[in-house]
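Subject: Structure handover

Hi,

My notes on what turned up follow below it.

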Amino acid sequence: MHGDFKRDKTYEFGALWGVCETDALDIEQSALIQRYVDAKIMIGLLPLGSAFSATGGKQTAFFWSLKLEEYDDWLNSPFENWQQQVASIWPKAKPYVDQFSNHGQLTLASYHDTALKTYSKGRLVFIGDAAHATSPQLGQGANMGLMDARRLAKSLTRLDELLDALKDYENNRKKQVRFYQMMSHYLTPFFQSDSKVLSTIRDLTFHPMSKLPFMSELMMQTLAGVKTGPFSSLKKI
Ligand SMILES: Cc1cc2nc3c(=O)[nH]c(=O)nc-3n(C[C@H](O)[C@H](O)[C@H](O)COP(=O)(O)OP(=O)(O)OC[C@H]3O[C@@H](n4cnc5c(N)ncnc54)[C@H](O)[C@@H]3O)c2cc1C
């Protein structure tokens with residue numbers, strides 16, 4: 001499909017990710033929490049539950065925003081200095097970051113903004129990130145992939161002609177996917193960039209906006225993954 005991309009961009013910022021055991025910490029945490037310094041530094045703690053734990057205990061994903069070009073510098077700097085930096089910015093994160101003992105325990109994830117011109121070519125069909133990767137700021141990548149799968153199954157069941165079914169799948173998914181790709185694209189620099197202006201706008205407006213009745217509903221629907229445009233929502237997949 002080379003040449004069939006509408007867009008294929010790697011974001012300047014990615015993040016380091018690692019998994020912490022949290023049972024022994026005696027910390028009740030049920031939601032994603034993040035701390036920022038402007039948009040340049042972001043630390044996050046995302047509860048994972050216990051499904052993937054070897055011991056059956058609760059786990060939390062720890063992440064640290066990092067420019068991809070700064071990864072080698074990070075690898076070559078003393079690990080303890082970075083741990084101290086994390087703890088000084090956000091003391092709550094100390095018991096998490098202290099569980100790591102070396103750089104190799106954290107994995108660098110890069111983020112992509114990828115859009116294909118069409119979701120199928122002949123009998124080949126793309127769903128999920130293969131069709132439309134976004135930065136994870138809205139947390140919708142997995143949702144979009146699952147909705148693609150459901151819609152594709154529906155189209156294949158309804159239509160006898162394979163190529164018609166693949167077109168039907170694309171026609172039914174494109175509007176929503178486009179909305180989330182656009183939102184992720186424009187929101188990402190508010191959370192991961194060098195821009196002091198954007199982080200200041202974020203700090204001054206996002207929280208007050210979430211208190212306005214109309215805006216709070218709009219924001220909730222967006223985060224729930226059901227929007228298809230600024231003023232439209234998904235009725236069913
Ligand atoms: C750091 C990070 C944080 C994220 N946070 C969130 C979040 O909070 N919420 C959310 O909804 N989304 C989040 N996402 C996005 C989400 O993970 C993806 O959108 C989602 O996993 C896409 O699902 P997928 O099935 O399309 O692709 P993938 O999950 O990438 O699955 C593709 C699979 O295909 C396999 N594969 C690749 N090539 C081959 C091959 N040649 N042969 C056989 N197998 C192959 C891969 O190993 C992989 O298992 C995040 C992504 C990242 C990187």
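Let's start with the ligand. The residues around it, meaning those with a heavy atom within 4 Å of it, are Trp17, Ala109, Tyr111, Gly128, Asp129, Pro136, Gly139, Gln140, Gly141, Ala142 and Asn143. A note on provenance: this is a predicted model, in which local features need pLDDT of at least 70 and side-chain atom pairs count only at pLDDT 80 or more, while totals for chains, interfaces and linings use all residues. Residues are numbered from 1 along each chain as its sequence is written, and side-chain values use heavy atoms, with hydrogens and water left out.

By class, that shell has five nonpolar, five polar and one charged residues (Ala, Val, Leu, Ile, Met, Phe, Trp, Tyr, Cys and Pro count as nonpolar, Asp, Glu, Lys and Arg as charged, and the others, Gly among them, as polar). Helix H5, residues 141-158, gives the largest share of the shell, three residues (helices are DSSP runs of H or I with at least four residues, strands are E runs with at least two, and both are numbered from the N terminus).

Which polar contacts (N or O pairs within 3.5 Å) does the ligand make? An N or O atom in the side chain of Asp129 is 2.7 Å from a ligand oxygen. On the backbone side, Ala142 has an N or O atom 2.9 Å from an oxygen of the ligand, and a polar backbone atom of Gly139 is 3.0 Å from a ligand oxygen. The protein covers 36% of the 990 Å² of accessible area that the ligand has on its own (Shrake-Rupley, 1.4 Å probe).

Next, cavities: sets of points on a 1 Å grid over the protein atoms alone where a 1.4 Å probe fits but cannot get out, with lining residues having an atom within 4 Å of a point. Searching the whole structure gives one cavity of 30 Å³ or more. The largest cavity has a volume of about 50 Å³, taken as the space filled by probe spheres set on the points, which are joined across faces, edges and corners. Its lining consists of Asp129, His132, Thr134, Gln140, Gly141, Met144, Val177, Tyr180 and Gln181. Helix H4 (129-132), H5 and helix H6 (162-191) each give two or more residues to that lining, and H6 has the largest share, three residues.

Finally, there are 13 aromatic pairs (Phe, Tyr and six-membered Trp ring centres within 6.5 Å; planes under 30 degrees apart are stacked, over 60 edge-to-face, the rest tilted). Trp64 and Trp82 form an edge-to-face pair, 5.8 Å centre to centre with 85° between the planes. This pair links strand E5 (residues 59-67), which holds Trp64, to helix H2 (residues 79-89), which holds Trp82, 18 residues apart.

Best wishes

Technical notes. Polar contact = N/O pair within 3.5 Å; in protein donor to acceptor, adjacent residues only side chain to side chain. 1 Å grid on protein atoms, 1.4 Å probe; cavity = no way out; pocket = protein on both sides within 12 Å on 5 of 7 lines; lining within 4 Å.
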